[in-house]
Amino acid sequence: MKKMNTSIKSIIVLVVICLVIGGAMAAVNMITEPKIAAAEAEAERLALSEVCPENGGFEAVEGIELPESVKEIYRDLDGEGYVAMLSVGGYDSSKPMSVAVGFTNDGKIIKCKVISAQGETSGIGSKVTGEDFLAQFNGKSEGLEGVDAISGATISSSALIEAVRESFSAVKTAGEVTK
């Protein structure tokens, strides 16, 4: 009987410890979640201006069907172009890359910027954030001729190239809707 009481006490202590730790984790999450969301929103706002620099602000284009990798299409309020916000499943697809791609009105890429790539292997897959790779997209049109994947980071770079390729149709549709 004494052994059973000891076992029950041990179980109760473990349950209490789990509840305290779970509560502490929930409290930390409540404190940090808004700060993380604000930082992510600010990073996206800065990326919009970086990939489509001659702008008077942006508005989301509503009512169009988007490919899976395209989260949002924004229209430059000065009419200079569009920005596609992409969510790209690279090497670790549970942590997709966040990418902004600026387009001119005639469908050419102004600039491509990786906002976050936390799921990519440091030093290998993270090469998709490098200027050498991203500069390949500048001035390209729908075919993306001459844009090459990165050797050793084929999964990440190929996924990004394919997502950019998919974004052309969404930007074209956005252009037709907002005219």
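**A walk from the sheet to the aromatic pairs**

Start by selecting leucine 86: opposite this residue stands valine 99, in β4. You are looking at a predicted model.

Now widen the selection to the two strands, β3 (residues 81-88) and β4 (residues 97-104), which pair in the antiparallel sense over 8 bridges.

Next, pick aspartate 76 in strand β2 (residues 70-76). Is aspartate 76 buried or exposed? Aspartate 76 is buried, yet has no salt bridge: arginine 75, the nearest side chain of opposite charge, is 7.2 Å away. Show the backbone too, and you will find the aspartate 76 side chain reaching the backbone nitrogen of aspartate 78 at 3.1 Å.

Time for the rings: how many aromatic pairs are there? The count comes to 2. Select phenylalanine 103 and phenylalanine 168, whose ring centres are 5.1 Å apart with planes at 80 degrees, so this pair is edge-to-face. Phenylalanine 103 sits in strand β4 and phenylalanine 168 in helix α3 (residues 154-177), so their pair ties together parts 65 residues apart in sequence. Phenylalanine 103 counts as buried at 0% relative accessibility, and phenylalanine 168 counts as buried at 5%.

Finish at phenylalanine 133 and phenylalanine 137, an edge-to-face aromatic pair with 5.6 Å centre to centre and 85 degrees between the planes. Phenylalanine 133 and phenylalanine 137 are both buried.

How values were computed. Residues numbered from 1 in each chain as written. Predicted model: local features only at pLDDT ≥ 70, side-chain atom pairs only at ≥ 80, totals over all residues. Heavy atoms only, no water. Pairing = 2+ DSSP bridges. Helix = DSSP H or I, 4+ residues; strand = E, 2+ residues; numbered from the N terminus. Buried < 20%, exposed > 50% of the residue type's maximum accessible area, 1.4 Å probe, protein only. Lys, Arg positive; Asp, Glu negative; His and termini not counted. Salt bridge = Lys/Arg side-chain N within 4 Å of Asp/Glu carboxyl O. Polar contact = N/O pair within 3.5 Å; in protein donor to acceptor, adjacent residues only side chain to side chain. Phe/Tyr/Trp six-rings, centres within 6.5 Å; stacked < 30°, edge-to-face > 60°.
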